[in-house]
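Some notes follow on the model you sent. Please read them alongside the coordinates.

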Amino acid sequence: MLKVLKSIIAASFLLASLAFVFQQEPAASQSAKVRTVVIDAGHGGKDPGTRGRKTKEKDVALSVALELGRKIKEATPDVKVLYTRSTDVFIELGERSAFANRNNADLFISIHCNATPRSRSVHGTETFVMGLHKTEGNLEVAKRENSVILQETNYKQKYKGFDPDSPLAHIMLANYQSAFISSSLRFADLIEKKFQSVSDRESRGVKQAGFLVLWRCAMPSVLIETGFLSTPDEEDYLGSEEGQEEVAESIHQAFMAYKKDMDR
């Protein structure tokens, strides 16, 4: 009974803390048009992200991010393209969304690579938006990506006691439904469809989970898992210039379709 009571107290405290932070979120932009996009290359610097046999997530993510930005600038010079990082440096999760908010971004795209220790044959892309994890797999991806905060100083103070190892913490975080969930889902769906049609990739679908890098974004936002570095042939694809260009082109075409829709 005492353990149950302690769990309830802890849960109440965490919920109150998260609610306090949510109240401090910036106001939603009144314009739906896409004028500024922030591209976030996951991990970086001292944080390599997941690893393959010969590749690191931080390097693949950066290459894809820079190529995506180049394509957007070339096709739509009226769109301002900003990067949370353009070199191999460590950027805290909270700073990534704060950067997008400070620059009044209309869209936030976070690029990552997936991995699973349970199989070397899993393939495919996944695009996440902020929301409630429907499966254990979604929770595991969120926990892995959120564990980056352990490399930050004073992370408990910065994230109001958030524990990246606690399923309860992730469930509470994921219950935060932003005003941009509909637009985020629309963009995520376009991305997964373009992965299939442009580069014939296997799509694992659009999913929802609690990601710290997304939760304070005051604009539509997605986190893209571009493939599994734990699968040898998929790692070879993601580590190649051709593969990275195809991934960037798929996201770019989704961006163009989304922008056309939002600019009407």
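In which sense do strand β4 and β6 pair, and over how many bridges?

1. Strand β4 (residues 125-130) pairs with β6 in the antiparallel sense, and 3 bridges make up the pairing. Within it, Phe128 has Leu223 of β6 as its bridge partner. Note that this is a predicted model.

2. β6 also pairs with strand β3 (residues 107-114); these two run parallel and are joined by 6 bridges. Here Phe108 is the residue opposite Ser221 of β6.

3. Strand β6 itself spans residues 221-228 and is mostly covered, with 8 of its 8 residues buried.

4. Ser184 belongs to helix α7, which covers residues 181-199. Its relative accessible area is 4%, so Ser184 counts as buried, the cut-off being under 20%. Beyond the residues up to four places away in sequence, Ser184 touches Val129, Pro220, Ser221 and Val222.

5. For the chain as a whole, the secondary structure amounts to 9 helices and 6 strands. The chain has 264 residues, and 54% of them count as buried.

6. On contact order: among contacts between residues at least 6 apart in sequence, 82% join residues at least 24 apart.

Technical notes. Residues numbered from 1 in each chain as written. Predicted model: local features only at pLDDT ≥ 70, side-chain atom pairs only at ≥ 80, totals over all residues. Heavy atoms only, no water. Helix = DSSP H or I, 4+ residues; strand = E, 2+ residues; numbered from the N terminus. Buried < 20%, exposed > 50% of the residue type's maximum accessible area, 1.4 Å probe, protein only. Contact = heavy atoms within 4.5 Å. Pairing = 2+ DSSP bridges.
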